Amino acid sequence: MTLHHDKHHVGYVNNLNAALRTQADKTSARNESQEAELQAVVSFNAGGHINHTLFWESLAPPGSPQTKESASPKLQAALTEKWGGVAAFKDEFKKVLLGIRGSGWGWLACSQENGDLHVMSSKDQEIVPKGYKPLLGIDMWEHAYYLQYLNNKAGYVEKIWEIVNWETVEGRFSRGMEEVYGSLHDLKASL
């Protein structure tokens with residue numbers, strides 16, 4: 001996880017900052033094609049930063065009180081209502097995670113329209129779509145699991161539950177969108 005955080009996540013932050021500096025540089029003359037390319041770089045790296053920040057906040061040391069499902073009673077009740085139990089939810093999430101081809105993210109998200117829970121995926125560094133509040137994001141890029149699990153994605157998915165910070169996920173379930181994203185809210189809104 002240290003390499004994942006200190007190299008990959010930091011790379012997204014550094015690349016985002018460089019792209020934003022270039023974008024803000026009013027003296028550079030760029031055409032529409034260059035602007036579109038630059039916006040794609042900003043979106044990709046902003047998504048990488050946002051997704052990873054949500055991911056890190058969703059983790060806790062194994063065996064800590066936050067990793068107990070009982071740390072999220074309201075969410076556990078909602079998962080049970082939607083999927084018939086937490087185990088059935090995890091099975092559904094596992095299908096989505098293992099169904100990601102290439103790189104991407106698996107999400108437990110809440111509809112802002114009606115509060116329904118959804119399991120979904122996003123490609124590459126795309127963030128959760130508009131209208132949904134991210135509760136839990138699992139990084140399914142190879143860099144997230146390869147050093148420890150090699151090509152055993154299923155092993156990574158099974159073990160990730162040991163470090164999910166259910167207390168944080170419960171907090172996101174109970175709070176508004178702006179609070180979920182915290183200091184990243186304005187960055188998310190700009191995408």
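Tutor: We shall take the sheet, then the helices, then individual residues.

Tutor: This is a predicted model, in which local features need pLDDT of at least 70 and side-chain atom pairs count only at pLDDT 80 or more, while totals for chains, interfaces and linings use all residues. Residues are numbered from 1 along each chain as its sequence is written, and side-chain values use heavy atoms, with hydrogens and water left out.

Student: In what order do the strands of the open sheet stand, and with what pairing?

Tutor: Strands of a sheet pair through backbone hydrogen bonds, in either a parallel or an antiparallel sense. Helices (H or I, at least four residues) and strands (E, at least two) are DSSP runs numbered from the N terminus, and two strands pair if DSSP finds at least two bridges between them. Here three strands form an open sheet in the order 2-1-3, with antiparallel pairing. Strand 2 and strand 3 (132-139) are the edges; each has a single partner strand, so one side of each lacks a neighbour in the sheet. On average, neighbouring strands of this sheet are turned by 30° against each other, direction ignored; such angles come from axes, lines fitted to C-alpha atoms (for helices over the stretch in contact), and run from 0 to 180 degrees between N-to-C directions.

Student: Over how many bridges do strand 1 and strand 2 pair?

Tutor: Strand 1 (residues 104-111) and strand 2 (residues 117-123) pair over seven bridges, in the antiparallel sense. Gly104 stands opposite Lys123 in strand 2, and Trp105 stands opposite Ser122. Five residues lie between the strands of this hairpin, where Gly115 takes a positive phi near 80°. Beyond strand 2, Asp124 is placed in the loop between strand 2 and strand 3. Phi of Asp124 is also positive, near 50°, in a residue other than glycine.

Student: How is the packing of two helices described, and at what angle do helix 3 and helix 7 cross?

Tutor: Two packed helices are described by the angle between their axes and the distance between the axes. The axes of helix 3 (residues 73-83) and helix 7 (residues 166-174) come within 8 Å and cross at roughly 75°. That makes the two helices roughly perpendicular, on a scale where angles under 35 degrees count as roughly parallel, over 145 as roughly antiparallel, 65 to 115 as roughly perpendicular and the rest as oblique. Contact means heavy atoms within 4.5 Å; by this criterion, residues of helix 3 including Leu75 and Leu79 meet residues of helix 7 including Trp166 and Phe173. The contact of helix 3 with helix 7 has seven nonpolar, two polar and two charged residues. In this classification Ala, Val, Leu, Ile, Met, Phe, Trp, Tyr, Cys and Pro are nonpolar, Asp, Glu, Lys and Arg are charged, and the others, Gly among them, are polar.

Student: At what angle do helix 3 and helix 4 cross, and which residues meet?

Tutor: The axes of helix 3 and helix 4 come within 8 Å and cross at roughly 70°. Helix 3 and helix 4 are therefore roughly perpendicular as well. Gln76, Leu79, Thr80 and Trp83 in helix 3 meet Val86, Ala88, Phe89 and Glu92 in helix 4. By class, this contact has five nonpolar, two polar and one charged residues. Glu92, in helix 4 (residues 86-98), touches Trp83 and Val119, leaving aside neighbours within four places in sequence.

Student: Is Glu92 buried, exposed or partly exposed?

Tutor: Buried means under 20% relative accessible area, exposed over 50%, and partly exposed in between (1.4 Å probe, protein chains only). Glu92 is partly exposed because its relative accessible area is 30%. Asp124, at 29%, is likewise partly exposed.

Student: Which residues of helix 7 are buried, and what covers them?

Tutor: The buried residues of helix 7 are Trp166, Thr168, Val169, Glu170, Gly171 and Arg172. Their cover includes helix 2, helix 3, helix 4, strand 3 and helix 8 (177-181).

Student: Where is Asn165, and is this residue buried or exposed?

Tutor: Asn165 is found in the loop between helix 6 (153-160) and helix 7. Asn165 counts as buried because its relative accessibility is 8%. A polar contact is a pair of N or O atoms within 3.5 Å; within protein, one must be able to donate a hydrogen and the other to accept it, and residues adjacent in sequence count only if both atoms are side-chain atoms. A polar side-chain atom of Asn165 lies 3.0 Å from the backbone nitrogen of Thr168. At the start of helix 7, a side-chain oxygen of Asn165 also reaches to within 3.2 Å of the backbone nitrogen of Glu167.
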